Amino acid sequence: MDDDFNMSLRKFLKQVGVTSQQAIEEAVRAAGPEAEGKEFTARMELTIEGLDMRHVVESTIKGPSE
């Protein structure tokens with residue numbers, strides 16, 4: 001793969017990672033004490049228009065300790 005592709009892919013993945021972390025942290029703060037110690041199923045779906053691609057990642061995120 002060429003450098004332009006790699007750079008645009010890395011930029012996209014960095015943006016997804018940073019903005020997703022911020023959104024999750026905000027949701028946990030908004031939930032307050034109700035999120036403490038609980039486990040939440042997180043699911044991310046990635047689609048790419050024009051490539052007929054769909055990729056799903058699912059995992060568990062544990063809320064903060066008390």
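Arg43 is exposed, with a relative accessible area of 58%; exposed means over 50%, buried under 20% and partly exposed in between, using a 1.4 Å probe and protein chains only. The side chain of Arg43 meets that of Glu58 in a salt bridge, 2.8 Å from N to O. This is a predicted model, where local features need pLDDT of at least 70, side-chain atom pairs count only at pLDDT 80 or more, and totals for chains, interfaces and linings use all residues. Residues are numbered from 1 along each chain as its sequence is written, and side-chain values use heavy atoms, with hydrogens and water left out.

**Salt bridges**

- The structure holds 2 salt bridges, each being a side-chain nitrogen of Lys or Arg within 4 Å of a carboxyl oxygen of Asp or Glu.
- Helices (H or I, at least four residues) and strands (E, at least two) are DSSP runs, numbered from the N terminus.
- Glu58 counts as partly exposed, at 49% relative accessibility.
- Arg54 forms a salt bridge with Glu45, and their closest N and O atoms are 3.0 Å apart.
- Arg54 is exposed at 58% relative accessible area, while Glu45 is partly exposed at 45%.

**The largest pocket**

- The largest pocket has a volume of about 440 Å³, a volume being the space filled by probe spheres set on grid points that are joined across faces, edges and corners.
- It has 21 lining residues, and the closest to its centre are Ile24, Ala42, Arg43, Met44 and Ile61.
- A pocket here is an open set of points on a 1 Å grid over the protein atoms alone, where a 1.4 Å probe fits, with protein on both sides within 12 Å along at least five of seven lines; lining residues have an atom within 4 Å of a point.
- Two or more lining residues come from each of α1, β1 (39-48) and β2 (53-62).
- Helix α1 gives the largest share of the lining, 8 residues.
- By type, the lining divides into 14 nonpolar, 4 polar and 3 charged residues; Ala, Val, Leu, Ile, Met, Phe, Trp, Tyr, Cys and Pro count as nonpolar, Asp, Glu, Lys and Arg as charged, and the others, Gly among them, as polar.

- Met1, Phe5, Leu9, Phe12 and Leu13 make a nonpolar surface patch of about 530 Å².
- Patch residues have over 30% relative accessible area and no salt bridge, and nonpolar side chains (Val, Leu, Ile, Met, Phe, Trp, Tyr) are joined within 5 Å, like charges within 9 Å.
- Accessible areas come from the Shrake-Rupley method with a 1.4 Å probe, and for residues only the protein chains shown count as cover.
- Met1 sits in the segment before α1 and counts as exposed, at 83% relative accessibility.
- Glu25 has its place in helix α1 (residues 3-31) and is partly exposed, at 37%.
- From Glu25 to Phe5 is 20 residues in sequence and 30 Å in space, C-alpha to C-alpha.

**Loops**

- Glu36 is found in the loop between α1 and β1, where it is partly exposed at 32%.
- Glu36 and Glu26 are 10 residues apart along the chain, and their C-alpha atoms are separated by 14 Å.
- Asp52 lies in the loop between β1 and β2 and counts as exposed, at 80%.
- Phi of Asp52 is near 50°, a positive value in a residue other than glycine.
- Most residues other than glycine have a negative phi.
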